[in-house]
There are 4 protein chains.
Amino acid sequence: MIIVLRSGATDAEVEAVCRRIEAMGYRAHTIRGEVRTVIGAVGDDRGKERLRSLESIEYVEAVTPILQPFKLASREVKREATTVPVKGITIGGERLVVMAGPCSVESREQVLEVAMRVKAAGATVLRGGAFKPRTSPYAFQGLEEEGLKYLDEARRETGLPIVTEVMEPDKVDVVAEHADVLQIGARNVQNFSLLRRVAETRKPVLLKRGMSTTIQEWLLSAEYVLAGGNPHVILCERGIRTFEPTTRFTLDLNAIPVVKKLSHLPIVVDPSHGTGHWEYVEAMALAAIAAGADGLIIEVHPKPEDALSDGPQSLKPDRFAKVMERIARVAEAVGRRL
Amino acid sequence: MIIVLRSGATDAEVEAVCRRIEAMGYRAHTIRGEVRTVIGAVGDDRGKERLRSLESIEYVEAVTPILQPFKLASREVKREATTVPVKGITIGGERLVVMAGPCSVESREQVLEVAMRVKAAGATVLRGGAFKPRTSPYAFQGLEEEGLKYLDEARRETGLPIVTEVMEPDKVDVVAEHADVLQIGARNVQNFSLLRRVAETRKPVLLKRGMSTTIQEWLLSAEYVLAGGNPHVILCERGIRTFEPTTRFTLDLNAIPVVKKLSHLPIVVDPSHGTGHWEYVEAMALAAIAAGADGLIIEVHPKPEDALSDGPQSLKPDRFAKVMERIARVAEAVGRRL
Amino acid sequence: MIIVLRSGATDAEVEAVCRRIEAMGYRAHTIRGEVRTVIGAVGDDRGKERLRSLESIEYVEAVTPILQPFKLASREVKREATTVPVKGITIGGERLVVMAGPCSVESREQVLEVAMRVKAAGATVLRGGAFKPRTSPYAFQGLEEEGLKYLDEARRETGLPIVTEVMEPDKVDVVAEHADVLQIGARNVQNFSLLRRVAETRKPVLLKRGMSTTIQEWLLSAEYVLAGGNPHVILCERGIRTFEPTTRFTLDLNAIPVVKKLSHLPIVVDPSHGTGHWEYVEAMALAAIAAGADGLIIEVHPKPEDALSDGPQSLKPDRFAKVMERIARVAEAVGRRL
Amino acid sequence: MIIVLRSGATDAEVEAVCRRIEAMGYRAHTIRGEVRTVIGAVGDDRGKERLRSLESIEYVEAVTPILQPFKLASREVKREATTVPVKGITIGGERLVVMAGPCSVESREQVLEVAMRVKAAGATVLRGGAFKPRTSPYAFQGLEEEGLKYLDEARRETGLPIVTEVMEPDKVDVVAEHADVLQIGARNVQNFSLLRRVAETRKPVLLKRGMSTTIQEWLLSAEYVLAGGNPHVILCERGIRTFEPTTRFTLDLNAIPVVKKLSHLPIVVDPSHGTGHWEYVEAMALAAIAAGADGLIIEVHPKPEDALSDGPQSLKPDRFAKVMERIARVAEAVGRRL
């Protein structure tokens, strides 16, 4: 931490801050500039967050952290890339993962049809929501446990592992019984009780970035899972909230190289939620792969115009198959493959 | 809903969209413009959200809602302002409510001291966090149930009702046993499972706006509580995330007149989290009252420089007392009182 | 400047950075932490911006400034508040300034009528746009020089000084001939050529904040005018761009206490552009005064529904008069007056 | 335009709005819903912006445009893609354009060295700033006309056409004398006087998106140039301002498919300014090409650590050459070539 004093701070004030820093167990290292004095606090990082309270002292201007606050998620602690094994496939390796399927599980027929179509097109994981977080209490809330059963059946039929969302700590056990990957949705990225509970399952976790979560906060949410003993975290960029209205969110592909620099965790991209319009999904899927993403999660629906949720952003199976061909070409251009 | 067709849509395409709208149970009303055709879908609003899926049709340009999607929270459904009774005080009436206290309950002594000081200064509700949602797993996570007991004791000593946060559905019962108002934090504003559970308690709910929640989404979260049978919702503006770094968040006071126009629910403002710096709390507290807020929630700590959380934004009790005097004057200028 | 090295930087690398810092004329002061080394660069601040380029060195993690980059605009350089004299009135003193008038000058009759009405209600400066920056080339672009003449006439009739916008360096002379205060619009806040030209006139400058300008950048734009020899700068907060769609912009009242802390310059607030809706103007005007603003700029139009620009955010004269009464009461509550 | 009335609007009020719409020269088409009445205004679009003022009527809830407000920039008006010829190369065709060079022209030697290096690596246009818009008045402001002469010399030596920024109307002629493409910087995207002047030159214009400009506003700025008689507009996405601090801006690649849908104009991407860090440039350059961009503009500097501006985001020539090889592979994967 760097503690910046107000200009004109007296020697006694500098001294007082140093004493406080030392009382908290750090060494204080003072640099006197021409206008201001700054003090570096040196020592074990774990508890340094507490030093921020020094900012409430009248002659302290600011307290600025130097280190990233996450540890287990950090590339500095673990240099080699993490891979997450999911039923025989590996996420984060040379091969890309493509998770595909409907936004919501709507019926047995729907999910079975989509599962077969996306498998045929080359997808390796089936997505589908049984518990749905909906902005409005009057919108379709998902088939819940019935939906999980249809997903089970789709896995039996196709062999595709399942990723599905869990929304509350109490449902973690039941969802974990059916799912191969537990999805934490964007709105729950800082639901810390839920993060602690999914950590306990030791199952792979797909952790979506919140719509206004900084990358640092997102990695701290990953840290909750890692610190809870579960190393199997897959990050998922799905768009952030900005002022631009032509897309539902602003898919932030910059997050890919940033995450790759700061962390060893694999990252996949959701161009369906990120853009909100099926017409933009292909371009952003290709871009994500070119930028170095480890995979994609894409919404596919046999009849988007009848979908109970997120129809506008769903691809039809035929179009999805064509997009997969293009993904394969871009993957090869950057040294990856489907 | 207004369905806008692509320019050049054929008569058959217009006809096809009309048939779909009618199949969903609405009347279709076509307006042919010079460039485009738009179709209004008229009928019961509850399920109109489904019409959005029409946007996935290639010759549909956009589907635009006309009505606000919330009902029970709407000023159109209930014209007179809602007041929420909390142990003898009334939130949303002529008298303003001021909730004050520490960010976290840190010890019995701390919370008792603050409680007495803020009561002496004129606060009418005591705030204090026992369960703390912290961005980092390594930060202080709250005293949990022990903290609730200290709050109980502070209430017995001072008579001040208690507002404290609940973070997960499983803890709603234990928190509701001790709290007079259940706080839903900004990070849980779209934790729909939690919203449904606090609705069941019928206790007053302080619903903080999320850091990137639109006012419409926030009122839809209120709608979850209202639709669950609990009419006692108090909204709390606490800052949104923007590009500006000099404040921790951007406290959005515009939300006050907007909420007053759209909804009948009372709204209070949190200038402590909203700005993140004690020096800006007074100005924004006064501004909130002038803009028509029904009250404030302010962090007060006897020694902010030793606080376990949010020290930089906490007022010392003496300063809080002075701020209260100024609040009283501004309140009077706008026809309210403490 | 604080230069943070990558973890694992070697002694030779630390040494190399120090030598570069010294070659640029600064003293290098090294702090070795447990994980990282940071180096403070101490010396004259003016040219420190160049140190940022060190960030391009592979083993440098980040270069972080400690000081605010503006000088003449800074409260540290000039502690007492600046007041700007405008034809017998003083902006930035105990008395508040209220600038009012139409968005655009549309006709002689319109501007004369509004001028008399706002003067009667207590406004002390007349606003009105003759040169209009319009997002669309097909929108009304202003009456230009003809509009300036009508403003002249309105000043002669009412005695109110005039604030009007200047959009390009070449028009500064002609606008300065007619205007008492030169307005720099939000879209030109970083039009540095224009800032340099208005500095030369030595006339008061109303410098609007850009819709995505940080407060630091805004004060640096003010610094262009001050460094050009013109001390008469009035800042104007007018709303920033965020994700919230119910208001046209998000009026950022937090800017008031932040500017008052960082700078000695007066600040006024524009609730008309800031909210975009006449219904929200009163609440935000009162809030701005309570937060410590030195004045307001408000759009008033005799027939908003016929306005050639910004009708939705304009007050009718009668409503404006009522708002002025309420402003007077809040002003008094915070120790100011109209 | 769709005019939405408040719920409970009377027949007389509906009638009054219809009469106003008709008085403005449009046909009014009324749809009575269960809760609200909406009125469509049908007719020539050019002046429809004026209908927005109806929102100031007390019983009008909102006025919502249906059509995009730009015409000449619209894909609906011109279906085939526009190509812009620049000295023998074509921007917007199958071949990608790569513009490369230093942020600022700093010396004759620097610009000649970079020009030869980027040409050798396959760049087809040389970039370099002679007039520099700098946030701080104390930062290096560019070599101005001297810089233009060095660019001239670099063109003679290498044959590369030149793109360089023009910041004010008065300098358009002198810059146009030397430049092959006139760059309008992000801060000037709504400097309408400047847009009108560059339109008159009939030279190709590289129009950067502003840091908080919506895509619609950006295309309206393009419309100023097109409506001024200059069809040679190249759009350039360079990052928008969001809350995320790990990148200098958030490069918004979503803009590529959105622009391709809404407009026929070519679009290039600036990953250097967009991310602000050289380490992220390659990933985002590849992603831009995969997403369908027509080219790139990349900062290259022989010694970024000594650069007078934007050192942290500049590539060294060797790295640039390697990035070009990867760009070629991704280009081929999406059916384009360098």
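A rotation of 180° with 0.0 Å of shift along its axis superposes chain B on chain C, with an RMSD of 0.0 Å. For this comparison, copies are superposed by least squares on the C-alpha atoms of residues with pLDDT of at least 70 in both. The pLDDT is the predictor's confidence in each residue, from 0 to 100. The structure is a predicted model, in which local features need pLDDT of at least 70 and side-chain atom pairs count only at pLDDT 80 or more, while totals for chains, interfaces and linings use all residues. Residues are numbered from 1 along each chain as its sequence is written, and chains are lettered from A and ligands numbered from 1 in the order in which they are written.

**Two pairs of chains**

In chain B, the C-alpha nearest the axis belongs to B:A287, which lies 2.0 Å from it. The same surface serves both copies, since 100% of the contact residues of chain B recur in chain C. Two residues are in contact if their C-beta atoms, placed from the backbone, lie within 7 Å.

Chains D and A form another such pair. Chain D can be laid on chain A with an RMSD of 0.0 Å by a turn of 180° and a shift of 0.0 Å along the axis. That is the relation of a two-fold axis. Of the residues of chain D, D:A287 comes closest to the rotation axis, its C-alpha being at 2.0 Å. Here too the same surface serves both copies, as 100% of the contact residues of chain D recur in chain A.

**The contact surfaces**

Between chains B and C, 35 residues of chain B are in contact with 35 residues of chain C. The elements of chain B that give two or more residues to this side are α7 (255–262), α9 (278–290) and α10 (317–333). Helices (H or I, at least four residues) and strands (E, at least two) are DSSP runs, numbered from the N terminus. The contact between chains D and A takes 35 residues from chain D and 35 residues from chain A. On the side of chain D, the elements giving two or more residues are α7 (255–262), α9 (278–290) and α10 (317–333) of chain D.

**Chain A as a whole**

The mean pLDDT of chain A is 95, and 99% of its residues reach 70 or more. The model scores ipTM 0.95 and pTM 0.96. The secondary structure of chain A comes to 10 helices and 14 strands. Taken along the principal axes, its C-alpha atoms fill a box of roughly 75 × 45 × 40 Å.

The domain assignment of chain A gives domain 1 (2–64) and domain 2 (84–333); such bounds come from an automatic or database domain assignment. The C-alpha centres of domain 1 and domain 2 of chain A lie 44 Å apart.

Buried residues make up 64% of the 338 residues in chain A. A residue is buried if 20 or more other C-beta atoms lie within 10 Å of its own, exposed if 12 or fewer, and partly exposed in between, with C-beta atoms placed from the backbone. Of the contacts in chain A with a separation of 6 or more, 65% are between residues 24 or more positions apart.

**Helix α6 of chain A**

At 1.5 Å a residue, the 13 residues of helix α6 (residues 215–227) of chain A should span 18 Å, and this agrees with its end C-alpha atoms, which are 18 Å apart. The expected span is 1.5 Å times one less than the number of residues. The helix α6(A) is mostly covered, with 10 of its 13 residues buried. Among them are A:W218, A:L219 and A:Y224. The buried residues of α6(A) pack against α5 (192–201), β11 (205–208), β12 (233–237) and α7 (255–262) of chain A. After α6(A) comes A:G229, whose phi is positive, near 100°.

**Two residues with positive phi**

Most residues other than glycine have a negative phi. In B:K87, however, phi is near 45°, a positive value in a residue other than glycine. B:K87 lies in the loop between β5 (84–86) and β6 (89–91) of chain B, and counts as partly exposed because it has 14 C-beta neighbours inside 10 Å. Phi of D:R202, also a residue other than glycine, is positive, near 60°. D:R202 is placed in the loop between α5 (192–201) and β11 (205–208) of chain D, and is partly exposed, with 13 other C-beta atoms within 10 Å.
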